[in-house]
Amino acid sequence: MRVFNGIDSLPAFRNPAVTVGSYDGVHKGHRVLLDVVRGKAKEIDGESVVVTFSPHPREVLDPDGVRLLNTLPEKIKLLESAGIDNLIVIPFDRDFSRMPYDGFIRDCLVGKVGMKVYVAGYNHHFGAGKQGGPDSMSELAAGLGFEYYRVPRWDAGDAKVSSTVVREHIVRGEMAAAAALLGYYYFIMGTFEDGCAVMVGSPVKLLPPVGVYDVAVSVGGRTFKGKAEVIADGGEGSDSQAGTLDPNMVCTTVGSPDITNPASRVNQVSQAAPSGIKLPAPLCSSIASVAAPGGPVTLEFL
């Protein structure tokens, strides 16, 4: 999968089938939609393209207490495993949040990506004030000459599949229930630190409640299973309000997210939130045999 930082210097994609969203968790419902994107791309001998944002829009517009399922490096890993050809990461800020939905579609997706098909979820809305929805998208598609395809809601049996529901399970420590909706064990890409700890790679990464969990830690091509303890620390967030509509906004972005460093925002946590993971001595010794302090590790909650 190719990853592009920003939307201003893109190559020419071949008949791109595009979807846009935060894709927090890349859960089973997301996978259904992503499969449609891949299928639509195949139908027109094209490429699949996911457009996402960093930081997550909630971190900018409503940061108080926000907790997310994935850091950007984790999301990249999951989207690549889903078979997506291209990922475009747009830096998100308050100025960008004011862009009207039609300008985003016309100038960004059609003008700069060359979109031929747009695939969206059943309840997808976007743009300033969330004014972009099914009716307006159908009109734009007809006027700008791309196909608009809406994916129906997908549930896992009787369970609704959404990022919000997955977060609720994790907040309650229901890791098996979360994994059932995600389609994989909930995981953390962090760093192995002195003191037998795994440092989380983002201040907004959601951790389960303080307690002891069964885990698997992967490092250096090896996986070690054991117990780990989620611990708490202190800090505080901030308040903000959403931006207002700017009808003159054009498709350009300023600044670049760090899309390669999984530990780029380590050591910032919100008050009273679970903030790190301690490893018992036996598991710590096994990991230390192949990982240097500060080295990357992936920890799964089993």
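Reply: A232 lies opposite P274 in β13. The model is a predicted one, in which local features require pLDDT of at least 70 and side-chain atom pairs count only at pLDDT 80 or more, while totals for chains, interfaces and linings use all residues. Residues are numbered from 1 along each chain as its sequence is written, and side-chain values use heavy atoms, with hydrogens and water left out.

Strands (E, at least two residues) and helices (H or I, at least four) are DSSP runs numbered from the N terminus. Two strands are taken to pair if DSSP finds at least two bridges between them. By that criterion β12 is joined to β13 (residues 274-278) by four bridges, and the two run antiparallel. Strand β12 (residues 222-232) is also joined to β11 (residues 211-219), again in antiparallel fashion, by nine bridges. Here V219 faces R222 in β12. The hairpin of β11 and β12 has two residues between the strands, and in it G220 adopts a positive phi near 55°.

The aromatic side chains come next. Rings of Phe, Tyr and Trp (its six-membered ring) pair if their centres lie within 6.5 Å; planes under 30 degrees apart count as stacked, over 60 as edge-to-face and the rest as tilted. The structure contains nine such aromatic pairs. One of them is F92 with F96, an edge-to-face pair at 5.9 Å centre to centre, with 70° between the planes. Both residues can be classed by accessibility: buried means under 20% relative accessible area, exposed over 50% and partly exposed in between (1.4 Å probe, protein chains only). F92 has a relative accessible area of 11% and is therefore buried; F96, at 8%, is likewise buried.

The pair of Y186 and F301 has its ring centres 6.4 Å apart and its planes at 25°, so this pair is stacked. Y186 is buried, at 2% relative accessible area, and F301 is buried at 1%.

Ring pairs also link F53, F92, F96 and F104 into a cluster.

Finally, a charge sits over a ring if NZ of Lys or CZ of Arg is within 6 Å of the ring centre and within 35 degrees of the ring normal. The ring of F187 has the charged end of K77 over it, 5.0 Å from the ring centre. The charged end of K205 also sits over the F187 ring, at 5.9 Å from its centre.
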